[in-house]
Amino acid sequence: MDMLWKGWGDPARATPLPDTVSGLLRDLLGVAPRGAAALPLEEIGVPTSPLDATVRRALEGAVGDRPDRVRTDAETRLRHTRGKSTPDLLRMRTGDTADTPAAVVLPDDHDQVLAVLAACVRHRLALVPFGGGTSVVGGLAPEGGSAAGGFVALDLRHMNRLLDLDEVSRTATLQPGLRAPEAEALLAERGYTLGHFPQSYEWATIGGFAATRSSGQASAGYGRFDEMVLGLTLATPEGTLDTGRAPRSAAGPDLRQLVLGSEGAFGVITSVTVRVRPLPRVRRYEGWRFASFDAGAAALRRLAQDGPRPTVLRLSDETETLIGLAQPDAIGASLERQDAGCLAVVGFEGTEEDTAHRREGAAAVLGACGGSFAGEEPGERWAHGRYSAPYLRDSLLDAGALAETLETATYWSRVPALYTAVRDALTGTLTEAGTPPLVMCHISHVYENGASLYFTVVSAQGEDAVDHWTRAKHAANEAILAAGGTITHHHGVGTDHRDWYVREAGPLGVRALDAVKRSLDPAGVLSPGVLLPGNGPRTSAHPHP
C-alpha cells in the first residue's frame, strides 16, 4: 500500500482532533478552519511528462526491457512528488505539482540501478533515489533541470529482500527498498531484531535509514542506524563502491561513514549489512516526573554517562507534558488533569534478569535526581502511540493550524542555551508575524556527551502558510548554529538544511565533499542541490561508457 498522497501514512488512521485540542487552538492561538479542503487526487493537474521517447526507451532497456517499470502516468508521478514535511503537504493540498518527476523507474537489482544511472548520464537526466518517501527536509525535490526535462524518481520498492543472515556473526544483509516493519518481520522469524524504530518506522526503508543517518526511538539501547551499519554497497555513475570487510578496521578513513548520510548525492545504496540482536524477551516502559526540564535533563545525563542505560530514554518539557504530546493517542488528557512538571519515558528491553537489573538501577538514579515514579501507564501509552504524531500533524493542518517539527543536538553543557535560543527564535518570529505559537520540546536521544532536542511548533497558518513557516524555520536554523548546535540530528540535510549545513561544515569541508561528488558523479545527475549546492546535470561531464 502507498502512503496517503496529501498526508502521512494510512488514510484509515487519520482522526479528527479532540474537542479539548480544538478549543485550545481556537482560544490560545486563534486557529480557525481555513475553509478550503485539500483538492481530490483526480482534480490535481499534473503536467504531461516531459520525458521523450528516446529517453524512455533507454530507461526501459536499463530495467530489463520492462515498460511497466518506467511509469509516467499522473498518479504515480504525483505520489513521488516531494516528501512529507508540512510545506510539502501544504503545497500538495493546493495542487502545486512543480516538483513532480518526469518518470518513476523501478529497478530489480544492483545491475539495473547501474544501468539506469548510465542512461541518466547519457541523457543528462537528474535522478533521485526514492524509498519510503518520508523525507521532511526536501530530500526528494532536486534543484535544477536537465536536457531531457525533469528528473527520474528511482523507486527501490522491488529491491526488498533479506539477502543474508549470518547468525554466527549476528549480521544481516538487507536490500534498500525493504520497509522497516518487513525487515523486522523477516528477522523475527529467525529470532532477531534490528532495534531501529524511528517515528517514520511504519513507512521508511532500510536504504533511507542509511542515506540519512536515521536515529530510532530506542537509540539509547540499540544505537543510531549509522552505528548498526557494518557494510554498504553503493551504485554510482562511475561504478560500484563496496565498503565494510570487517566490523572495524584501521585501513584508512572509513568509507562507510562517507556513504552514510550522503542522501543520494554520491550514489544509490543497493545493500546494507547491519548488526542484529536477539529479540528481547521483555519490554517494559514507564513514566517518571520531574519538577522542571533542567532537573529531568540532569537525570537523563546521569543515566547516559554513568548508567545503567535504558533502551528508551526521553524527556518532555513542561509545555509538551501539559499538552500531552508525549502520548499522541491521548492528546489533551493532561490539560484536563492539569498535570505539572515534565514527563520522562523510560523503557527497557532484553532478558527478564537484565531488564529487572537495569530498571532497579535506573530507578535509584532517577529518584536521587528528584524524579517521582509515575507508573507504567505513561510509558505503555507512549509505546502504543509512538507512531501517531504524524497523523496528529495532518489533523492539525485540517483544522487550519500550522504544525511542524525540527530537531538539533549539542553537548550537555550547551543544551540549556540551545533550548532557549531555538524557543525564543520560533516564538519571536511567529509572534511578530501575528501568529503567536505553542512551542514544545523533548529530549529524544541521549549520548554520553550530549543529547538531541526535538521541537514541535503549532500556530495559526497566517496568510501564506509555507512562507510563514519558512521564515520561522530560518530563524530557528540561525539560532541553532549561533548556539553551537548541529543543523540536524536525524532528519537529514536535504535542500531545506543545505545552506546551513554548508556553513556548519565550513568551506574546506564542502570542497572535500564536492571533490567526492565529482569523483563519483562527474555528470552531476544524482540528487542535484540535495546535501551540497548544485544546479543539475553538467553538460561538460564526460559521457558514461
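1. Helices (H or I, at least four residues) and strands (E, at least two) are DSSP runs, numbered from the N terminus. This is a predicted model, in which local features need pLDDT of at least 70 and side-chain atom pairs count only at pLDDT 80 or more, while totals for chains, interfaces and linings use all residues. Residues are numbered from 1 along each chain as its sequence is written, and side-chain values use heavy atoms, with hydrogens and water left out.

2. On the overall fold, the chain holds 19 helices and 18 strands. Its radius of gyration, taken over C-alpha atoms, is 23 Å, close to the 24 Å that the globule rule (2.2 Å times the number of residues to the power 0.38) gives for 545 residues, so the chain is as compact as a globular protein of that length. The C-alpha trace spans about 65 × 60 × 45 Å along its principal axes. Of the 545 residues, 58% count as buried, where buried means under 20% relative accessible area, exposed over 50%, and partly exposed in between (1.4 Å probe, protein chains only). Among contacts (heavy atoms within 4.5 Å) between residues at least 6 apart in sequence, 75% join residues at least 24 apart.

3. Helix α2 covers residues 53–62, and its buried residues are V55, A58, L59, E60 and A62. The elements that cover these buried residues include β1 (70–71), β2 (103–105), α5 (110–122) and β4 (151–155). At the start of α2, a side-chain oxygen of D52 reaches to within 3.1 Å of the backbone nitrogen of T54; at the other end, the helix is followed by G64, which has a positive phi, near 80 degrees.

4. Helix α16 (residues 389–398) has eight of its 10 residues buried, so it is largely enclosed by the rest of the structure. The buried residues are P390, Y391, L392, R393, D394, S395, L396 and L397, and they pack against α1 (19–29), α4 (86–93), β16 (401–411) and β18 (450–460). Just after α16, G400 takes a positive phi of about 95 degrees.

5. Two packed helices are described by the angle between their axes and the distance between the axes. For helix α18 (residues 465–482) and helix α19 (residues 498–520), the axes come within 11 Å and cross at roughly 10 degrees, the axes being lines fitted to C-alpha atoms over the stretch in contact, with angles running from 0 to 180 degrees between N-to-C directions. That makes α18 roughly parallel to α19 (angles under 35 degrees count as roughly parallel, over 145 as roughly antiparallel, 65 to 115 as roughly perpendicular and the rest as oblique). H474, N477, E478 and L481 of α18 make the contact with W500, R503 and E504 of α19.

6. D155 lies in strand β4 and, at 1% relative accessibility, counts as buried. A polar atom of the D155 side chain lies 3.0 Å from the backbone nitrogen of R157. Apart from neighbours within four places in sequence, D155 is in contact with H80, V104, V105, L106, P107 and F130.

7. E167 sits in the loop between β5 (162–166) and β6 (171–174) and, at 37% relative accessibility, counts as partly exposed. Leaving aside neighbours within four places in sequence, E167 is in contact with R190 and Y192. The E167 side chain makes a polar contact of 3.0 Å with the side chain of R190, and a polar contact of 3.1 Å joins the side chains of E167 and Y192. A polar contact here is a pair of N or O atoms within 3.5 Å; within protein, one must be able to donate a hydrogen and the other to accept it, and residues adjacent in sequence count only if both atoms are side-chain atoms. The C-alpha atoms of E167 and Y192, which are 25 residues apart along the chain, are separated by 9.2 Å.

8. Some backbone details in loops deserve a look. The peptide bond from G307 to P308 is cis, with omega near -5 degrees, and P308 is found in the loop between α11 (293–306) and β13 (312–316). R124, although not a glycine, has a positive phi of about 50 degrees; R124 is placed in the loop between α5 and β3 (126–130) and counts as partly exposed at 32% relative accessibility. R213, also not a glycine, has a positive phi of about 55 degrees; R213 is found in the loop between α7 (206–212) and α8 (219–222) and is partly exposed, with a relative accessible area of 23%.
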